[in-house]
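Subject: Structure handover

Hello,

I am passing this structure on to you, with the sequence alongside. Please look it over first; my notes come after it.

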Amino acid sequence: ERVLTIALAGNPNSGKTTIFNTLTGTRQKVGNWPGVTVEKKEGLIEYRGQTLKIVDLPGTYSLTPFSIEEIVARNFILDDHPDVVIDIIDASNLERSLYLATQLRELDCKVVFALNMMDVATARGAKIDVAKLSELLDVPVVQTVGNRQKGIDDLLAAAVDLAHSNKPVPQKRKVRYNPEVEKAIEALQQDLAAQLRGILPYHPRWTAIKLIENDTIVQERVAAVAGEKGAAVFETARRQREHLADRFNDEPEIITTDERYGFISGIVKEVLTTSIRQRIDIS
Ligand code: GDP
Ligand code: K
Ligand code: MG
């Protein structure tokens, strides 16, 4: 039977390695990611009669093309198509953690959240509406306390169930940008579909967003498959970027980043309650 690949993503210090170690025990292979000196850890385990390959991705806050760690993590998801990505979320730093989570949702990979550090969050008086978080991002959420091996069986079960599920990755409950940005994405997406149907390496909406953000790695990948047909697409991307820069007086990638933060802060308002004591402690 086919080996299922499960990748662990998360911010630095979210508990990724702790959970990786619990999942894989001593069956670990440590090396480097190809071409870079970033450590790669993977481990094979047997689960419900099936072999699972667990891959510990570099810890990142985002998935931009500006840091080696982020490029490694993103390329693995884009090119190796893991069956499921477990995003280890630090529940005691929910807002910060959701930036990566939001980007993973935009990438259209299958995602499960491990809401880790729940003990820390609770001790600080934070209450998280887990069901609501799951609903708002349309992602299964499992609560874990990594250093006490709590919730890890449930997490693995949720990941494997999702890997086997035939349900397509939900398209709603992702970031929607303001109408002007959405129009630019739509125009570019239509061009991508018209010019590069069948040869586009990545999801068209995601590709359009990245081209509007001037993402050099995605530009290179699209150029590599598109050949001459790329010219029209890159011209549309350039025009849409220019239009948005004029309209908002800012780089499009700044606008999309801001809007992701806005989307996240809306989610946090709905799911996170802090006790009076904590609010006093912070002030
Ligand atoms: P990584 O940077 O994401 O790989 O994080 P690590 O796995 O190295 O964990 C960072 C620290 O947090 C370590 O000291 C862990 O023992 C600790 N840790 C991991 N999970 C939890 C948790 O759920 N609760 C608490 N209190 N500590 C945790
Ligand atoms: K660490
Ligand atoms: Mg680590």
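Predicted model: local features only at pLDDT ≥ 70, side-chain atom pairs only at ≥ 80, totals over all residues.

Helix α9

Helix α9 spans residues 216-226, and its buried residues are Ile217, Val218, Val222 and Ala226. These four lie on the same side of α9, because the arc they cover around the axis is only 155°. On the face turned away from the buried side, α9 carries Glu220 and Ala224, which are exposed.

After α9 comes Gly227, which has a positive phi, near 55°.

Where α2 meets α9

The axes of α2 and α9 come within 12 Å, and they cross at roughly 35°. This crossing is right-handed. On the α2 side the residues involved are Ile71, Arg74, Asn75 and Asp79, and in α9 they meet Ile217, Val218 and Arg221. Sorted by class, this contact has 3 nonpolar, 1 polar and 3 charged residues. Two of the α9 residues in this contact, Ile217 and Val218, are also among the buried residues of the helix.

Asn214 sits in the loop between α8 and α9. Its phi is positive, about 60°, although Asn214 is not a glycine. Is Asn214 buried, exposed or partly exposed? Asn214 is partly exposed, because its relative accessible area is 36%.

Phe66 belongs to the loop between β4 (50-56) and α2. With 73% relative accessibility, Phe66 counts as exposed. How far apart in space are Phe66 and Thr216, C-alpha to C-alpha? The distance is 9.4 Å, while in sequence Phe66 and Thr216 are 150 residues apart.

Leu162 and Asn214 are 52 residues apart along the chain, and their C-alpha atoms are separated by 33 Å. Leu162 itself lies in helix α6 (residues 152-164). Leu162 is buried, because its relative accessible area of 18% is under the 20% cut-off. Beyond its neighbours within four places in sequence, Leu162 is in contact with Val84, Lys110, Val111 and Val112.

Ser97 is part of helix α3 (residues 94-106). Ser97 counts as buried, at 3% relative accessibility. Its side chain reaches the backbone oxygen of Asn93 at 2.8 Å. Neighbours within four places in sequence aside, Ser97 is in contact with Asn11, Ile89 and Asp90.

Asp108 is located in the loop between α3 and β6 (111-116). Asp108 is not a glycine, yet its phi is positive, at about 65°. Asp108 counts as buried, with 15% relative accessibility.

That covers my notes on this structure.

Regards

Conventions: Residues numbered from 1 in each chain as written. Chains lettered and ligands numbered in written order. Heavy atoms only, no water. Buried < 20%, exposed > 50% of the residue type's maximum accessible area, 1.4 Å probe, protein only. Arc of directions from axis to C-beta. Axes fitted to C-alpha atoms, helices over the stretch in contact; angles between N-to-C directions. Left-handed = near helix turned anticlockwise from the far one by under 90°. Contact = heavy atoms within 4.5 Å. Nonpolar A, V, L, I, M, F, W, Y, C, P; charged D, E, K, R; others polar. Polar contact = N/O pair within 3.5 Å; in protein donor to acceptor, adjacent residues only side chain to side chain.
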